[in-house]
Number of protein chains: 2
Amino acid sequence: MKKPLVILSGGQDSTTCLFWAKRYPGVEQVHAITFDYGQRHAIEIESALKVAEMAEVASHEIVKLPDGVLRGTSPLVNADHEVGRYESAEALPGGLEDTFVPARNILFLTLAANRAYCLGCDALVIGVSQEDFGGYPDCRIEFIAAMDRAIAEGMPKRIQIRTPVIALNKRLTVDLAVRLDGCMAALTYSHTCYSGELPPCGSCHACLLRAKGFREAGVSDPLIERHRQPANPEARA
Amino acid sequence: MKKPLVILSGGQDSTTCLFWAKRYPGVEQVHAITFDYGQRHAIEIESALKVAEMAEVASHEIVKLPDGVLRGTSPLVNADHEVGRYESAEALPGGLEDTFVPARNILFLTLAANRAYCLGCDALVIGVSQEDFGGYPDCRIEFIAAMDRAIAEGMPKRIQIRTPVIALNKRLTVDLAVRLDGCMAALTYSHTCYSGELPPCGSCHACLLRAKGFREAGVSDPLIERHRQPANPEARA
């Protein structure tokens, strides 16, 4: 891997993947790509821009997808549906979280493969995690292996999919981030909350998972620290 | 297969696939989807609309993709490049036609899988042909098999890819069209020419392949017939 293209949402996992790619032995140049697909919160794009800048990427493209290019009942693409509070995977209908967007990761990998081909990149990096997949079928290693094969068969040049955090739970992802120079600083500006709140809501599945990972790793979350300092006097009243 | 979603470009192969799906035993409902991705010619969309109407599909969505969502040097997505005259596959750089758009069929199948999921469809039908693939890696059975696997792994519900003409050359595709009630009439409004001319230019790879197929099948092409009748007196002058 010499010239990876990193799919950067601006979240914790993709930020860690970006710094993993940047610090990977033999890597000469890192490119980033972010998809704006009618997420409900522009804050995610701002996070991605800031993180990419901090990683000094060779290029960063924000691909604006038209509203409705991905359909589904997920509140992430459909304003008629609200994000629910996470209880447990067992409580989900069909074992699927209500935030599942059908074919989202397939689409991201496909468009990224097109750009990787044009940029001369030899790898795609995506921050999916099988540990925390919460019922998303397209976060599993079986999906990534099949998609890697599909891209290999469908493209004239080999572009490999790399998934640095696929086997890591959030605690191990934090452990990895700590070891990657510059990554913790960038995580200060990363975004996680499904509800798009800042400071994060603390009650959605994404917030709970992130908090659990930092707690188990014994590290304080720089994103939370940033909003704790300076202390807000009104919050104490 | 009960409820297929057909990827309809409005060309000969996808038109034939649409009627194949419509006449397939046990099929209850046929849906169609067309991608408008900055093709140079609106005529392709018009063909798709007319063909879908003739097939009386249950729904037909035209998905408008933003300009530049697929990049590449192909004249099909890049107005700076002209469509060349086709000579032979051997003459192509890297064995690839200059009309290759990286990841195009992966993208179409991905977005179609998202829609199929939302519509409750159980199959995706695409008119790729390995016989005439002209160097496009994403028209080969190996790619389709890999992509079928990727969709199976990435989606919570099984949506199978069906490729009725993958093993057929253009002659055999014409033989199939003749046997599918209503298909020849719809082919009158189908579109093939890469240059977007009507009557077709007759010299691009697509026109040459289509003409060869009809000639070898011993059938006259209804698209050509339509532009021959009534005779144009000026053309004879």
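## A helix with a buried face

Let's start with helix α5 of chain B, residues 170-179, where B:K170, B:T173, B:V174 and B:A177 are buried. Buried here is a matter of counting: 20 or more other C-beta atoms, placed from the backbone, lie within 10 Å of the residue's own. Looking down the axis of α5(B), you'd find its buried residues within an arc of 100 degrees, so they line one face of the helix. That arc is taken from the directions that lead from the helix axis to the C-beta atoms.

What covers those buried residues? Among the cover are α1 (12-22), α6 (183-187) and α7 (205-217) of chain B.

## What you're looking at

This is a predicted model, in which local features need pLDDT of at least 70, side-chain atom pairs count only at pLDDT 80 or more, and totals for chains, interfaces and linings use all residues. Residues are numbered from 1 along each chain as its sequence is written, while chains are lettered from A and ligands numbered from 1 in the order in which they are written.

The helix and strand labels are DSSP runs, numbered from the N terminus: helices are H or I with at least four residues, strands are E with at least two.

## The sheet in chain A

Chain A has an open sheet of five strands, ordered β3-β2-β1-β4-β5, with parallel pairing. Strands count as paired if DSSP finds at least two bridges between them. At the edges stand β3 (59-64) and β5 (160-162) of chain A, each with a single partner strand, so one side of each has no neighbour in the sheet. From one strand to the next, the twist averages 25 degrees.

Zoom in on strand β4 (123-125) of chain A: three bridges join it to β5(A), and the two run parallel. Opposite A:L124 you'll see A:I161 in β5(A).

## Where the two chains meet

Now for the pair: 34 residues of chain A are in contact with 33 residues of chain B. Contact means that the C-beta atoms of two residues, placed from the backbone, lie within 7 Å. On chain A's side, α3 (104-119) and α4 (141-154) each supply at least two residues, and α3(A) gives the largest share, ten residues.

How do the chains relate? Chain A can be laid on chain B with an RMSD of 0.0 Å by a turn of 180 degrees and a shift of 0.0 Å along the axis. That's the relation of a two-fold axis. The superposition is by least squares on the C-alpha atoms of residues with pLDDT of at least 70 in both copies. Both copies use the same surface, as 97% of the contact residues of chain A recur in chain B.

Definitions and conventions. A residue is buried if 20 or more other C-beta atoms lie within 10 Å of its own, exposed if 12 or fewer, and partly exposed in between; C-beta atoms are placed from the backbone. Axes are lines fitted to C-alpha atoms, for helices over the stretch in contact, and angles run from 0 to 180 degrees between N-to-C directions.
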